[in-house]
Every structure is written in C-alpha cells, then in structure tokens.
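Please open the model in your viewer and keep the selection panel at hand. The tour moves from one selection to the next and says what to look for at each stop.

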Amino acid sequence: PYTRGVERSRYAHTIVREACDVFHQGYKEVTLLGQNVDSYLWKSDDGTEEVNFAQLLRMVAEVSPELRVRFSTSNPQDISDEVIETMAAYENICRHIHLPVQSGSDRMLEKMRRRYTRAWYLDRVAKIRSVMPDCGLTTDVIAGFCSETEEDHRDTLSLFDEVCFDTAFMFYYSERPGTIAARHYPDDVDIETKTRRLNEIIALQNRKSLESYKKDIGKTFKVLVEGPSKKNPEELCGRASNNKMCVFPDTVHKAGDYVTVKVKDCTSATLLCELSES
C-alpha cells in the first residue's frame, strides 16, 4: 500500500449499479476488490450519508440472491465483527476470506508495519470460525524477511500448524523498489536460507491443505460452474462458496449454471465430486 498512494473509497451507489448491470447481463458473481477492502468508507460530500464495508457488502448482496459476492483483500487489523456477521447473514456472500498474515512472528510483523500481532490475528480467525465454521480461509506469507531468525521462522510454522489454512500464497522476500523495507532494511537473509524456509512452509501447508480438503469428503456444495475441467472435457469445474475448486463428471450444464455436488474424494487442491440431487 505504501507504493500505491492514498486510499480512495468509490461512491457506493455506483458500485451497486455496476453489480445490477452485470447481473442483468448474465454474470453470476462479482468481486469487491481493494488494497484493503475492510477500510472502505464512503461519505457523501454533505456528510449526510456514509457507507462502510459491511454495509456495502449488504447492498451488493441484496441485488439478487442469485448473484454471488466475493471480496479481496482483507487486512487482519481491520476486518470487523460487522463484516463477519454480515457474511453469515447472506447465503450469496461467499464463505471465504483471504487474510494475509505474512509472518507468525510479532517481531517480524512489527518490522513489516503490519499493525497487528500474532494474538490479534488468531483472535480474528477464532471469530470467523465461531460465526462461520464452514468459512474458507487462505493467506499470504513471506519467508526470509529482513533479519528473520530461525525462531521467527518457527513462529510462522507454528501459526500455520495452528490455523490450518485451506491454501496459501507463499514467497520468499525480495526487495521491491520504493518500499520502506528497501530503503531502510538490509536484505540480510541469504538465498539458500530463504529457499529452505520457504520449502518448509510449503511442505507444511501442503499437508494442511490435504487435511482441510479431506474434511469436505461426504459434504454437498452449491457450485457455480466455470467451464470444462482442464484435464478432462467430460468434466466441469467450479468453485464452492468456500472457494475450493470442485471437479465433477457433467456434459449437460454450462458456465454460469449453479449445480449441487457431493464430494467423493480430493487432492490437496481440488474436491473430486459427483452431481447430487439434493
């Protein structure tokens, strides 16, 4: 965010109009996208009206129960109880939150200027799962940030072990011009150490992803069809509300259709399903 300039919240009613327009054109899903969607706050020029992100979510969800609503990305320090409870109140607001953690170490989080602690992050995860036990949770993480120690790295591994994310975007640190880190912190973790730590995070997350996906075996999900499976033209694929990709035999339905599927098996990245009558 420090390289992108001051945040600006778009006029809420134009966002709702856009959602209406694309729904009437046949689209079935919209994503509310921002550098930090939770800090969205639109105010009218005369100060008589304001809309926060939870209210915007509600407004877009009420366009139609047939329009799915997703959003990205949330910052842990800003995601509110009101947002979480709004998600739970509307079936068409997808049960998935991408919540970047970046590190499990308080020392690293402070150095990254993340404005939350490990305990705060875990509290938000606990709140999400208490209100929406079926909510998908994904994250971002950086291995080998400036001055990261083995203890800091172990803190990240232990957080991943505790939270059990569905999936994660995992990288090792590399300098980005214009950032505070590039200007003020030496890139002092060698590439071999960064790579080894990243590989340890990836190995742990792969195990956790498989655990997460296995828990869905036997469940039924409403899936929005995206199109043919990449590996088999006799199969279709689409995402469940929790953002997990489902693949299932089907040559009848098409992109944009909603179908109900039952999970029969899984990999660490895909739910293998069959069409369900329920």
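Predicted model: local features only at pLDDT ≥ 70, side-chain atom pairs only at ≥ 80, totals over all residues.

Residues are numbered from 1 along each chain as its sequence is written, and side-chain values use heavy atoms, with hydrogens and water left out.

**Stop 1: helix 1**

Select residues 12-24, which form helix 1; helices (H or I, at least four residues) and strands (E, at least two) are DSSP runs, numbered from the N terminus. The end C-alpha atoms of helix 1 are 19 Å apart, in agreement with the 18 Å that its 13 residues should span at 1.5 Å a residue, where the expected span is 1.5 Å times one less than the number of residues. Now colour Ala12, Ile15, Val16, Ala19 and Phe23, which are buried (buried means under 20% relative accessible area, exposed over 50%, partly exposed in between, with a 1.4 Å probe and protein chains only). These residues cover an arc of only 100 degrees around the axis, which puts them on the same side of helix 1; the arc is that of the directions from the helix axis to the C-beta atoms. An α-helix has 3.6 residues a turn, so residues three or four places apart point the same way.

What lies over this buried side of helix 1? Its cover includes strand 1 (29-33), strand 2 (41-43), strand 3 (50-52) and helix 2 (53-61), as judged by contact, meaning heavy atoms within 4.5 Å. Following helix 1, select glycine 26, whose phi is positive, near 110 degrees.

**Stop 2**

Arg118, Tyr121, Leu122, Arg124, Val125 and Ile128 are buried in helix 5. Seen down the axis, these buried residues fall within an arc of 155 degrees, so they line one face of helix 5, whereas Ala119 and Ser130 are exposed on the other side. The cover over the buried residues of helix 5 includes strand 5 (96-98) and strand 6 (136-143), together with helix 3 (81-89), helix 4 (106-111) and helix 6 (150-163).

Is arginine 124 buried or exposed? Arginine 124 counts as buried, at 7% relative accessibility. Beyond its neighbours within four places in sequence, arginine 124 is in contact with Pro76, Ile79, Ser80, Asp81 and Ile84, and a polar atom of its side chain lies 3.2 Å from the backbone oxygen of isoleucine 79.

**Stop 2: arginine 197**

Move to helix 8 (residues 191-214) and pick arginine 197, which is buried with a relative accessible area of 5%. Not counting residues up to four places away in sequence, arginine 197 touches Ala143, Gly144, Glu148, Thr149, Glu150, His153 and Val189.

**Stop 3**

Strand 8 (residues 220-228) and strand 11 (residues 258-266) pair in the antiparallel sense over five bridges, and valine 259 in strand 11 is the bridge partner of valine 223. Strand 10 and strand 12 (residues 270-275) run parallel and are joined by three bridges, with leucine 272 in strand 12 as the partner of valine 247. Strand 11 and strand 12 form a hairpin with three residues between them.

**Stop 4: asparagine 243**

Finish in the loop between strand 9 (235-239) and strand 10 (245-249), where asparagine 243 is found. Asparagine 243 is partly exposed, with a relative accessible area of 22%, and, leaving aside neighbours within four places in sequence, asparagine 243 is in contact with Arg70 and His96.

Note on methods. Pairing = 2+ DSSP bridges. Polar contact = N/O pair within 3.5 Å; in protein donor to acceptor, adjacent residues only side chain to side chain.
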